[in-house]
Amino acid sequence: MKLLKFVILPCSLTFLLNLHAQNIGDFTSIDPNTTQTASFVMASGYTFQKIAEVGDPLTAGGTFKVKPDFTGYVPIAGSSTNGYLSINSEGSALTDGGGGVMVFDINLNNSTGLWDTTASEDLDFSGVADTAANCSGTVTSWGNVITCEEGSVPDIFPPFDGYNDLGWNLEINPATKTVVAKHYAMGNFAHENVTIHANDRTVYQGADSNPGYLYKFVADNAQDLSSGKLYVFKGLKSGSGSWILLDNTTQSEQNNTLFQSGPGDHDATVFNGIEDVEIGPDGMVYFAVKGEGTVYRFSDSDVLETSASTVTMETFVGGGASYDIDHAGGTDNVAWGNGNDNLAFDGDGNLWVFQDSGTSFIWVVKNGHTQASPDVEVFGIVPTDSEPTGITFTPDYKYLFMSIQHPALTNDANQIDAAGNTVDFNKGTTLVVALSTNLGVPLSVETAKSDDVKLYPNPLNATEHLTIAGTQINNIKLYSIFGQKLLEQDYNGLNNISVSFSEITTPGIYFVKINDKKTAKLVIR
């Protein structure tokens with residue numbers, strides 16, 4: 001028997017503390033010196049479940065599309081265990097067969113503790129002259145989803161309706177699997193994301209371009225984004241500014257939002273690629289500027305712009321700064337770098353920041369952080385050549401939905417998810433991430449079964465031997481909950497074997513894979 005080198009970096013005490021953490025934002029950072037590999041590396045005490053990957057069949061026909069991006073969980077009646085998962089495809093039907101939105105009906109299975117998909121469908125956008133480059137978006141308070149087109153293309157394709165063919169926000173209804181409308185009044189530019197104020201009228205959004213600009217849209221009526229006033233920000237990035245009203249009535253004006261904002265017209269403040277905008281629990285608006293490596297935040301004195309509001313802006317995180325990251329192996333000073341992209345707040349007010357390019361970290365900026373008194377952690381790092389995209393949480397903040405986009409085709413992670421599935425991360429993949437105690441049910445019976453193979457005792461004390469009984473056992477492998485292989489042993493078609501795990505010093509959940517086909521969950525105490 002050969003025990004392979006451990007690649008779990010945190011100590012057993014850290015593992016136990018995190019395993020019993022109550023909130024998804026309670027973790028010890030991974031070692032920030034970790035580089036990208038084929039695997040998805042997360043903090044100790046967490047696991048993931050694959051929802052779907054590129055090429056998987058959809059129940060309504062077709063397959064899961066390329067470049068999964070915004071992954072929006074839409075609760076049914078406020079449920080954290082029953083909802084719709086709206087998944088953008090950032091591709092295009094003309095170039096890679098992508099584009100549009102897929103909707104999955106999902107629910108948390110009480111018996112298995114895993115997420116089940118009962119239906120999946122690729123929505124039909126033909127009624128609104130189609131869509132493409134669907135990047136990020138948001139879930140509305142009224143149960144719909146806004147999907148954003150990242151790019152602007154003139155009216156060069158049928159139906160030649162006078163509107164630009166690309167560069168709009170679109171609204172869908174995931175319950176009915178229908179497209180509500182393209183919202184021309186929200187302006188035309190390379191949309192990445194929108195965030196909607198609790199008044200259901202005010203929307204903050206940004207242009208992912210250089211020059212890019214920050215916008216505020218105030219709808220005429222609540223929960224109706226088809227008409228309203230559009231403003232662009234002009235002012236200091238550290239200091240005060242205001243909103244400038246744009247001409248936004250005619251088709252030509254709505255097609256030329258970016259031109260109106262720029263030099264020679266309104267000379268609005270330029271940002272190098274606004275990726276995401278979110279309203280924080282403190283009421284301030286946070287937005288990530290990828291090319292500047294900065295997450296800014298601002299207060300807005302009049303969200304409805306009934307009078308001239310004052311915008312007060314500052315750098316929240318990044319902007320050339322480095323941060324001390326405390327991890328199980330010590331403390332390292334790490335540069336924030338460029339590429340901050342998707343944003344989302346968890347239930348404790350921590351800001352999760354996905355990094356596109358650079359180290360491809362999943363950062364977590366803790367509630368209470370300031371540049372003067374920083375508090376930043378690193379939750380994970382995504383597989384080689386990929387970027388993390390599309391983060392949303394369930395209402396109880398126990399489950400994080402996200403996608404991993406454009407990973408290396410050569411990735412061979414052989415990583416085991418919470419359902420016991422092998423995931424290689426060589427295709428775009430949509431996941432749910434949670435504490436190990438919240439995803440999948442640890443076995444509490446004395447016998448675990450994997451088809452015709454039995455494992456006992458289970459749970460297992462580290463001093464005990466595990467018996468595996470079955471037919472023609474040729475090979476067994478032991479994996480951590482992170483998918484790292486810890487042990488491998490070959491046998492010669494034996495029907496009954498006894499295995500010692502005495503060198504496994506970290507209690508927790510593990511997976512035993514038999515003959516590279518059958519997987520069973522094992523609890524080591």
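Let's start with asparagine 515, which is partly exposed, its relative accessible area being 21%. That value sits just outside the buried class, because buried means under 20%. This is a predicted model, so treat what follows as a reading of that model. Asparagine 515 belongs to the loop that runs between strand E36 (508-514) and strand E37 (518-524). Its phi is near 55 degrees, a positive value in a residue other than glycine.

Lysine 177 also has a positive phi, about 60 degrees, although lysine 177 is not a glycine. You'll find lysine 177 in the loop between E10 and strand E11 (178-183). Is lysine 177 buried or exposed? With 17% relative accessibility, lysine 177 counts as buried.

## The chain as a whole

Stepping back, the protein chain is built with three helices and 37 strands. Its radius of gyration is 24 Å, close to the 24 Å from the globule rule for 525 residues, so the chain is as compact as a globular protein of that length. Along the principal axes, the C-alpha atoms fill a box of roughly 80 × 50 × 40 Å.

Of the 525 residues in the chain, 57% are buried. As for how the chain meets itself, take the contacts between residues at least 6 apart in sequence: 56% of these join residues at least 24 apart.

## Surface and charge

The protein chain exposes about 19500 Å², and 49% of that area comes from carbon and sulfur atoms. On the charge side, there are 26 positive and 60 negative charges. How far apart are the mean positions of the positive and negative charges? They are 9 Å apart.

If you're wondering about disulfides, a search of the whole structure finds zero. Cysteine 135 is in no disulfide, and the nearest cysteine sulfur, in cysteine 148, is 7.8 Å away. The cut-off here is a pair of cysteine sulfur atoms within 2.5 Å.

Both of these residues are tucked away by the accessibility numbers. Cysteine 135 counts as buried at 3% relative accessibility, and cysteine 148 counts as buried at 0%.

## Strand E3

Strand E3 covers residues 46-53, and glutamate 53 lies in it.

At 3% relative accessibility, threonine 47 counts as buried. Threonine 47 and leucine 258 are 211 residues apart in sequence, and their C-alpha atoms are 42 Å apart in space.

## Cis peptide bonds

Now for some backbone details. The peptide bond from proline 158 to proline 159 is cis, with omega near 15 degrees. Proline 159 sits in the loop between strand E9 (145-149) and strand E10 (169-173).

Another cis peptide bond goes from asparagine 210 to proline 211, where omega is near 10 degrees. Proline 211 is found in the loop that links strand E13 (202-207) and strand E14 (214-221).

Technical notes
Residues are numbered from 1 along each chain as its sequence is written. This is a predicted model: local features need pLDDT of at least 70, side-chain atom pairs count only at pLDDT 80 or more; totals for chains, interfaces and linings use all residues. Side-chain values use heavy atoms; hydrogens and water are left out. Helices (H or I, at least four residues) and strands (E, at least two) are DSSP runs, numbered from the N terminus. The radius of gyration is taken over C-alpha atoms; the globule rule is 2.2 Å times the number of residues to the power 0.38. Buried means under 20% relative accessible area, exposed over 50%, partly exposed in between (1.4 Å probe, protein chains only). Contact means heavy atoms within 4.5 Å. Accessible areas come from the Shrake-Rupley method with a 1.4 Å probe; for residues, only the protein chains shown count as cover. Lys and Arg count as positive and Asp and Glu as negative; His and the chain ends are not counted. The place of a charge is taken as NZ of Lys, CZ of Arg, CG of Asp or CD of Glu.
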